[in-house]
Amino acid sequence: MTSDKTKLIIKNTWMLYIRMFLMMGITLYTSRIVLDLLGIEDYGIYNVVGGIITLLAFFNVSMVTATQRFLSYELGREDHAELKRVFSLIVTIQLIFSVVVVIVGETAGLWFLENKMNFPDSKRGVVFWVYQITIISFIIDLLQIPY
């Protein structure tokens, strides 16, 4: 029985490595295409503005880990009432965190873009919309964690 579990772990590990290398290859290829399409200046703006929100990705990873831990614990206990309560609490926490991210992003983040970032005036609209779309994308990622 232990041998079967070991084989399964090894198989899953190799699948994760294959997936990682595949995603890395796709990312490198698409980065090249996006650079060609946007040009150097717009690609740099896209990366800097998108990178601001990407820095918050560690929150996303820690939230996913915590969510999985609490839901798995309640599933193991087979207490469906407590599982529903924990799930509701997790959804509430995600909503509150999303509101905080929007408030901070739309105040401090926009102030940073307007006062500290150095980009051509002709790109002001592009920077604003890339930033807004990045925040929306981050909020969607946050809200899908419990599911």
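In which helix does Ser-98 lie? Ser-98 lies in helix α4, where helices are DSSP runs of H or I with at least four residues, numbered from the N terminus. This is a predicted model, in which local features need pLDDT of at least 70 and side-chain atom pairs count only at pLDDT 80 or more, whereas totals for chains, interfaces and linings use all residues. Residues are numbered from 1 along each chain as its sequence is written, and side-chain values use heavy atoms, with hydrogens and water left out.

**View 1. Helices α4 and α5 pack at an angle of about 165°.** Helix α4 (residues 80-115) and helix α5 (residues 124-143) have their axes 10 Å apart, the axes being lines fitted to C-alpha atoms over the stretch in contact, with angles from 0 to 180 degrees between N-to-C directions. The two helices are therefore roughly antiparallel to each other, a term for angles over 145 degrees.

View 2. Leaving aside neighbours within four places in sequence, Ser-98 is in contact with Ile-139, Leu-142 and Leu-143, where contact means heavy atoms within 4.5 Å. Although Ser-98 and Leu-143 are 45 residues apart along the chain, their C-alpha atoms are separated by 7.5 Å.

Notes: Angles under 35 degrees count as roughly parallel, over 145 as roughly antiparallel, 65 to 115 as roughly perpendicular and the rest as oblique.
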